[in-house]
Amino acid sequence: MSSRARFSVPVPVLASGLVGAAVVVTGRLGGPITGWGAVALAAALVVVVPSAKQLAPRLFVNLLLVFGWSQVLWWIPVGRGSAWHATAVLALCVAILTGWVVRDRRARLPRLLPRVRPVDLVPFAVGFFVSVLYWPLLAIRDAQSALVVLLSGWDNVNHFAMVREILTFGTTGDLVPPNENGIVPAFMDYPQAFHATVATLLELWSPQNVQRLDVQVLGYQKLAIGLVLASAFVLAAGV
C-alpha cells in the first residue's frame, strides 16, 4: 500500500469537517456563536470530545488541553488587534470531531456521550460552592463597577494591562518587536500564561468588541474570578 493511499482522507470526512468549520466561522462573524452561544458550544465540545469514557476524567483532560494550548496560539504574531484565536480553536475542534464521527458513525457517535457516575457530579458541586462564595463579584454587570473592584487591589492594574497588551498587539509581550523609538511593551519579561488565557476567553465571548475598553475591564474582572472557579472545577474533576 502506498503512503499516498494510506494517508488519504475520504471526501465525505473532509467535506463534513470543512462544513463544520465554516459554520463555526460564519456563526462567529454573524453573531450566533458569540456570548452565551460561544460558551455553550465550547462547553458542549468539552463534554463530547471522547478523551475518556467517564465524565469527570473527560472534563479534567479536555479542560487542561483548553487552558494549556489556548495560550500557545498567542505565540504566533499575526498583527495588531487580531481576534481569531478562540474562533480557530472552536473551528478546528468542530472540524476534527465532525470528520472523526462521519468516518464511522455507528461506532463513534455513541462514544460522544460520557458515562456518568455519582462521583462525576463532585466538580459541579465544587463549582457551585465557589460560585456562591464569589457571587457578589461574578454578578457585577457594568465596567464602572468592575473598575471599582479592580482598583481595590494594587496589582490588578498591572495584570489587566498585560491582557490589554496581548489583545492590542495580537501576541504576548515578549514577542512584540520594539517600535521605531526602541520602546517595547511593559511587562514583556513577565510570564503571561494566565493573561493569554483571559485574552482567549475575552475573544470567545465577544470577538467583534474585544478591543473596547469597557468590554475588557468587565470581562477581565469576571474572568479573574471565573478562572479561580474553573481551577477548582478542574482540580475536583481530576481527583
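Modeller: Thr171 touches Trp74, Trp75, Pro77, Glu165, Ile166 and Val176, with residues up to four places away in sequence left out. Contact means heavy atoms within 4.5 Å. This is a predicted model, in which local features need pLDDT of at least 70, side-chain atom pairs count only at pLDDT 80 or more, and totals for chains, interfaces and linings use all residues. Residues are numbered from 1 along each chain as its sequence is written, and side-chain values use heavy atoms, without hydrogens and water.

Colleague: Where is Thr171 placed, and why does Thr171 count as buried?

Modeller: Thr171 is in the loop between H10 and H11. Helices are DSSP runs (H or I, at least four residues; strands are E, at least two), numbered from the N terminus. Buried means under 20% relative accessible area, exposed over 50%, partly exposed in between (1.4 Å probe, protein chains only). Thr171 has 3% relative accessibility, so Thr171 counts as buried.

Colleague: Leu175 lies in the loop between H10 and H11 too. What makes Leu175 partly exposed?

Modeller: Its relative accessible area is 34%, so Leu175 falls in the partly exposed class. Beyond neighbours within four places in sequence, Leu175 is in contact with Trp74 and Trp75.

Colleague: Thr197 is in helix H11 (residues 193-205). How do you know that Thr197 is buried?

Modeller: Its relative accessibility is 6%, therefore Thr197 counts as buried. Leaving out residues up to four places away in sequence, Thr197 touches Phe67, Ser70, Gln71 and Leu227.

Colleague: Phe67 and Leu227 bring us to H4 and H12. Why are H4 and H12 called oblique to each other?

Modeller: Helix H4 (residues 55-69) packs on H12 at about 135 degrees, with axes 8 Å apart. The axes are lines fitted to C-alpha atoms, for helices over the stretch in contact, and angles run from 0 to 180 degrees between N-to-C directions. Under 35 degrees counts as roughly parallel, over 145 as roughly antiparallel, 65 to 115 as roughly perpendicular, and the rest as oblique. An angle of about 135 degrees belongs to the rest. H4 and H12 are therefore oblique.

Colleague: Is the crossing of H4 and H12 left-handed or right-handed?

Modeller: Left-handed. That holds if the near helix is turned anticlockwise from the far one by less than a right angle; clockwise is right-handed.

Colleague: Which residues in H4 and H12 meet?

Modeller: From H4, Ala56, Pro57, Leu59, Phe60, Leu63, Leu64 and Phe67; from H12, Leu227, Ala230, Phe233, Val234, Ala237 and Gly238. By class, this contact has 12 nonpolar, 1 polar and no charged residues. Ala, Val, Leu, Ile, Met, Phe, Trp, Tyr, Cys and Pro count as nonpolar, Asp, Glu, Lys and Arg as charged, and the others, Gly among them, as polar.

Colleague: What makes H10 and H12 oblique to each other?

Modeller: The axes of helix H10 (residues 156-169) and helix H12 (residues 213-238) come within 11 Å and cross at roughly 125 degrees. H10 and H12 are therefore oblique. Their crossing is right-handed. Asn156, His159, Phe160, Val163, Arg164 and Leu167 in H10 meet Leu213, Gln216, Val217 and Tyr220 in H12. The classes here are 6 nonpolar, 3 polar and 1 charged.

Colleague: Why are H5 and H11 called roughly perpendicular?

Modeller: The axes of helix H5 (residues 85-103) and H11 come within 7 Å and cross at roughly 75 degrees. H5 and H11 are therefore roughly perpendicular. His85, Ala86 and Leu90 in H5 meet Thr200, Glu203 and Leu204 in H11. That contact has 3 nonpolar, 2 polar and 1 charged residues.

Colleague: How many salt bridges does the structure hold?

Modeller: There are 2. The term needs a side-chain nitrogen of Lys or Arg within 4 Å of a carboxyl oxygen of Asp or Glu. Arg117 and Asp120 meet at 3.1 Å, N to O. Arg212 and Asp214 meet at 2.6 Å, N to O.

Colleague: Are Arg117 and Asp120 buried or partly exposed?

Modeller: Arg117 has 35% relative accessibility, so Arg117 is partly exposed. Asp120 has 0%, so Asp120 is buried. In the other pair, Arg212 at 42% counts as partly exposed, and Asp214 at 34% is partly exposed.
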